[in-house]
Amino acid sequence: MKTKLLIAMLAMVSVFAVAFSACTDDSGPTDADLQNAQATASAAQSALNDANSRADAAEARADDAESAADEAKMMADEAMMAMEDTGGRLAQVQDRGHLICASRNDVPGYGALDDSGRNVGFDIDLCRAVATAVLNDPEAIEIQYITAAERGPTIQSGEVDLLVRTVTWTTSRDAQWGNYAQTMFYDGQGFMVPADLGVTSAYELGGAAVCVTSGTTTELNMADFFRQNNLEYNPQVFEDTDVVLDSYKSGACDVFTNDRSQLAALRTALPNPQEHVILPETISEEPLGPVVPHGDEQWFDIVKTVMSGLIYAEAYGINSDNVSQVADGDDVKAKRLLGTEGTIGQETLGLSETFMQDVINAVGNYGEIYDRNLGPDGIDLPREGGRNALWADAPCSDCPKGGQIYAAPLR
Ligand SMILES: N[C@@H](CCC(=O)N[C@@H](CS)C(=O)NCC(=O)O)C(=O)O
């Protein structure tokens, strides 16, 4: 429209210019002047007509382009909405029919093969809990076995849906590896030594050969500890747990350092556990839990909600034995968790109303998972009075309390 006006104005200006030049000539316009002016005016008129039709065509093209742009935007919005509806990774997992977890089979309590060759452990149960929430099948899992050093690249690439392999939450891992969903176990780093060394404190370890696995917070904390305390040491760094353990067993190193719960677990697998002591010092914070790949908030939220559900199920006294009765009972909060009253966000997450009933039926609540793997029926780490008890004001009456296991309330 603006183009049209501009061209029309230019044409008019050229006609007026001829007329004006004729008027300002003292001798007055001659016939030739008038003919020239008429010719210029009709040329200007046809230029104007021409410009008008070009402007009309341009306007039509602009309208076309505008509606094409609108259409493209609508399609992009629709695609985005469809993606949000189906959920990127959720849809992938459901299409594939199984969940891929990166984990392990070499540490009792977290992930190890039982007598029948089935992988069992705390980390494996968290993987099964998520598989149940999204596929209603705790067996629909594929475990990729990776070393500690492979954890970052594996979850960064997005080739697995979940990383559950004794992973400590740290700021750089959050930034580089993926999104850390929820702390499911509070650990800290310790040292194990053969009892006959006569060492009673980590501060007596100056000059020791220390076995550690690469790519772990353990390796970094160990360096800090010895440097900070001006102690010389000889680090023996290996990639596999088995190799570290063999080196420790063979006496190639005097000390084995790791998260305390793993030290306790691996100690039980030594030929004479009582011949090894775990020193009293804890030198770091190791909050452990599942990690999801960056870039899919719905998937991140799903995993967080499943973890919260496990924790609050224990707090509300819902377990694998009573889940059906509680679902039909009159405890409002418990019913909300189980999908028989209100909502905890199931629809937005793309999960069934009663997904937590399926999860608890399949793997139990947080306390059941703990007891089976890390507690009395597993590697027997005490819970009562420790950080891995439920929080101080947890509503349950008969669960261990006063700890730090706490999650987003389910509403
Ligand atoms: N929580 C620490 C340590 C995790 C960890 O799993 N450490 C060792 C201890 S046995 C390990 O698995 N190493 C053996 C391996 O990579 O196979 C971390 O996230 O870096």
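I count a residue as buried if 20 or more other C-beta atoms lie within 10 Å of its own, and as exposed if 12 or fewer do. The model I am reading is a predicted one.

**Entry 1, helix H7**

I looked up helix H7, residues 217-228, and found that its twelve residues reach 16 Å from the first C-alpha to the last, close to the 16 Å expected at 1.5 Å a residue. I then listed its buried residues, which are Thr217, Thr218, Asn221, Met222, Phe225 and Phe226. Because these cover an arc of only 155° around the axis, I place them on the same side of H7.

On the face of H7 turned away from the buried side I noted the exposed residues Asp224, Arg227 and Gln228. For the cover over the buried residues of H7, I found that it includes strands E9 (189-194), E10 (209-213), E11 (234-238), E12 (255-259) and E14 (286-288). Past the helix I checked Asn230, which follows H7 and has a positive phi, near 50°.

I turned next to how helix H10 (residues 297-315) packs with helix H15 (residues 366-373), and read an angle of about 95° with the axes 6 Å apart. Sorting the residues of the contact, I recorded five nonpolar, one polar and one charged.

Terms used. Residues numbered from 1 in each chain as written. Predicted model: local features only at pLDDT ≥ 70, side-chain atom pairs only at ≥ 80, totals over all residues. Axes fitted to C-alpha atoms, helices over the stretch in contact; angles between N-to-C directions. Helix = DSSP H or I, 4+ residues; strand = E, 2+ residues; numbered from the N terminus. Nonpolar A, V, L, I, M, F, W, Y, C, P; charged D, E, K, R; others polar. Expected span 1.5 Å × (residues − 1). Arc of directions from axis to C-beta. Contact = placed C-beta atoms within 7 Å.
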